[in-house]
Amino acid sequence: MSTLLQPTLAGLPSPSTEAFLRFENVSKVYPTPTGPYTVLDGIDMAVNQGEFMCVIGHSGCGKSTLLNMVSGFSTPSSGQVVLHGNAITKPGPDRMVVFQGYALLPWFSAYDNVYLAIDSVKPDLPAVEKKEITREHLAMVGLTEAADKKINQLSGGMKQRVAIARALAIRPEVLILDEPFGALDAITKEELQEELLTIWNTQKCTVLMITHDIDEALFLADRLVMMTNGPAAKIGEIMEINFPRPRNREEIMEDPIYYDMRNQALDFLYSRFAHDDTE
Amino acid sequence: MVPTSPRRPGVASNPLGWLTRSSGTWLPPLLGTGGFLLLWQILSSAGVIALPAPSSLFTEERTRTLILYPFYDRGGLDKGLFWQTMASLSRVAQGYTLAALVGIAVGITIGLKPTINRAFDPLFQFLRMVAPLAWVPIALVLFQKNQPAAIFVIFITAIWPILINTAEGVRQIPQDYRNVALVLQMSSRRFFTKVLIPSALPYIFTGLRISIGLAWLAIIAAEIVMPGTLGIGFFIWDAYQQNYVGEIVLGVIWIGAIGLVLDRLMAWLQTRISPGQ
Ligand SMILES: Nc1ncnc2c1ncn2[C@@H]1O[C@H](COP(=O)(O)OP(=O)(O)OP(=O)(O)O)[C@@H](O)[C@H]1O
Ligand SMILES: [Mg+2]
């Protein structure tokens, strides 16, 4: 396995001997009626503070399982995931999740969903401040106008915006996104990618994001984790994406390196670890 | 109802025109009910059934007085249907409120704790099959007094749908919402008020709606245990013992109508409180 500890963000404080977030020989085994089923086997990886990581791999290889062990909804069968030197054992607001199905409370408005998150995590903050943070984060994702609408009245893209606003409003150290833009149309998707990058640039939280879209990963990420197929999936390769930031989609796509990386990722997914469609 | 469409010449602005156009909705129930009453009228006039004909409710003096003067009060039990109904409704309200409070509280507990659910589910499933009338002697033995016994019969009849639906509603809270509460480390109080109750509310209302009908049905059973008290249930029982068949028929129709109104009321409340879910 290659050394994974190099910082990739220019101007980042030099990493201490302890990395910010690390997977230490992490395995996940599910008991099934037909015997134990190993999903992940011996994952070793370090993530730097403020880094934007994308995870790609075929469906069912264990991407969600991997990130669920960071959010704390699942714990490793062996090994551990360590944040700031402490093993992760349960969910907490320092590792906020943008859930696959948005998970917004439909009986509240967009505003109330964001406010509830802040109010739950920082109940002692003065109400004025909580309101201010709520408005600020809704504005960041362009939802000032729609703030008072009920969730059911919002489009898919708007719901995802509320989910992102809610996640960032509580100022997590790690933001976890599980295929956040998979269900959106191409234009909304690109808009949201850009908004996410803008906000990430101002907040500098660490991002872990699952995607199926190589172009999305190349536009957003500092590094792209490519997973091998399950069962017993491992990290196959980690690709460094060093385009300067702030990134511009057209400029990146004019760079010949972009296509080298794209082909390398495609080759990984469709030649070396092609999915056998026999299941 | 008045048509809201813009005024146009001819049939469109004519209420009669609206009536003919919407006849599909009001005509079948009118014909059905009318046909039923007609059949009843013919059968009892011909002497096929012993029940008095519907028209006799207006021709017979006792029932006509009851229909025309619901508010009369000659002291004692000799009161109009309005007062009889109010007495029964207040009893139903007490038993039902108790059933709602206990049913929702226990329902939430067993919805959240599968072990407690497994412990008590067989018992609940068994108890809910016991008919209201069967509870009457038990209630009398338990409480010795009429009033609490009657309220208990309503309570024990009405509680099961509330309890079972509430528990189901709590079990059906989507995992996503629970996960949000977990990540945000919500206090249990906040989870309760912001997630659990709103999420389970449609189920709770379904239970409440089924139960209001049951509670009202149980009123006859409950009031039979209380001879000599004001109430629509005892009114019918009393009429039966004195062989005023017309009064029995009137009382039964009256009970059906009140039950219908209660059910509609709950349905309306349901749409007001949890719309579009
Ligand atoms: N609770 C469980 N019990 C048994 N097997 C499970 C359980 N949860 C997940 N798995 C299995 O683990 C494997 C990985 O699941 P996971 O959801 O992590 O995949 P994924 O990479 O996120 O897939 P997708 O891209 O489709 O979301 C799958 O084969 C799945 O069937
Ligand atoms: Mg997944």
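How far apart in helix 3 of chain A are A:Arg135 and A:Glu132? They sit three residues apart, separated by about one helical turn. This is a predicted model. In chain A, an open sheet has six strands. Chain B, by contrast, has twelve helices and zero strands. Over all chains, the structure holds 22 salt bridges.

**The sheet of chain A**

- The six strands of the open sheet follow the order 6-7-8-3-9-10, and their pairing is mixed.
- Strand 6 (95–98) and strand 10 (235–240) of chain A stand at the edges. Each has a single partner strand, so one side of each is left without a neighbour in the sheet.
- From one strand to the next, the twist averages 20°.
- Strands of a sheet pair through backbone hydrogen bonds, in a parallel or an antiparallel way.
- Strand 9 (residues 223–227) and strand 10 of chain A run antiparallel, joined by five bridges.
- A:Met227 has A:Ile235, in strand 10 of chain A, as its bridge partner.
- Helix 8 (residues 256–272) of chain A lies across strand 3 (52–56), strand 9 and strand 10 of chain A. Helix 8 runs at about 170° to strand 10 of chain A.

- Side chains of opposite charge can pair when their charged atoms come close.
- The side chains of A:Arg135 and A:Glu132 meet in a salt bridge, at 3.9 Å from N to O.
- Both residues belong to helix 3 (residues 127–140) of chain A.
- A:Arg135 counts as partly exposed, at 45% relative accessibility.
- A:Glu132 also counts as partly exposed, at 43%.

**Salt bridges between helices of chain A**

- A:Glu190 forms a salt bridge with A:Arg249, and their closest N and O atoms are 3.6 Å apart.
- This pair links distant parts of the chain, 59 residues apart. A:Glu190 is in helix 5 (residues 186–203) of chain A, and A:Arg249 is in helix 7 (residues 249–254) of chain A.
- A:Glu190 is partly exposed, with a relative accessible area of 38%. A:Arg249 is buried, with a relative accessible area of 12%.
- A:Arg262 forms a salt bridge with A:Asp215, with 2.7 Å between the closest N and O atoms.
- A:Arg262 lies in helix 8 of chain A and A:Asp215 in helix 6 (residues 214–220) of chain A, so the pair ties together parts 47 residues apart in sequence.
- A:Arg262 counts as partly exposed, at 25% relative accessibility. A:Asp215 is partly exposed as well, with a relative accessible area of 24%.

**A salt-bridge network with both chains**

- Salt bridges that share partners join A:Asp119, A:Lys130 and B:Arg190 into one network.

**Chain B as a whole**

- Along the sequence, chain B reads α-α-α-α-α-α-α-α-α-α-α-α.
- The radius of gyration of chain B is 24 Å, whereas a compact globule of 277 residues would have one near 19 Å.
- The C-alpha trace of chain B spans about 70 × 70 × 35 Å along its principal axes.
- Of the 277 residues in chain B, 40% count as buried.
- Take the contacts in chain B between residues at least 6 apart in sequence: 66% of them join residues at least 24 apart.
- Chain B has an accessible surface of about 15500 Å². Carbon and sulfur atoms account for 69% of this surface.

Conventions
Residues are numbered from 1 along each chain as its sequence is written. Chains are lettered from A and ligands numbered from 1 in the order in which they are written. This is a predicted model: local features need pLDDT of at least 70, side-chain atom pairs count only at pLDDT 80 or more; totals for chains, interfaces and linings use all residues. Side-chain values use heavy atoms; hydrogens and water are left out. Two strands pair if DSSP finds at least two bridges between them. Helices (H or I, at least four residues) and strands (E, at least two) are DSSP runs, numbered from the N terminus. Axes are lines fitted to C-alpha atoms, for helices over the stretch in contact, and angles run from 0 to 180 degrees between N-to-C directions. Contact means heavy atoms within 4.5 Å. The radius of gyration is taken over C-alpha atoms; the globule rule is 2.2 Å times the number of residues to the power 0.38. Buried means under 20% relative accessible area, exposed over 50%, partly exposed in between (1.4 Å probe, protein chains only). Accessible areas come from the Shrake-Rupley method with a 1.4 Å probe; for residues, only the protein chains shown count as cover. A salt bridge is a side-chain nitrogen of Lys or Arg within 4 Å of a carboxyl oxygen of Asp or Glu.
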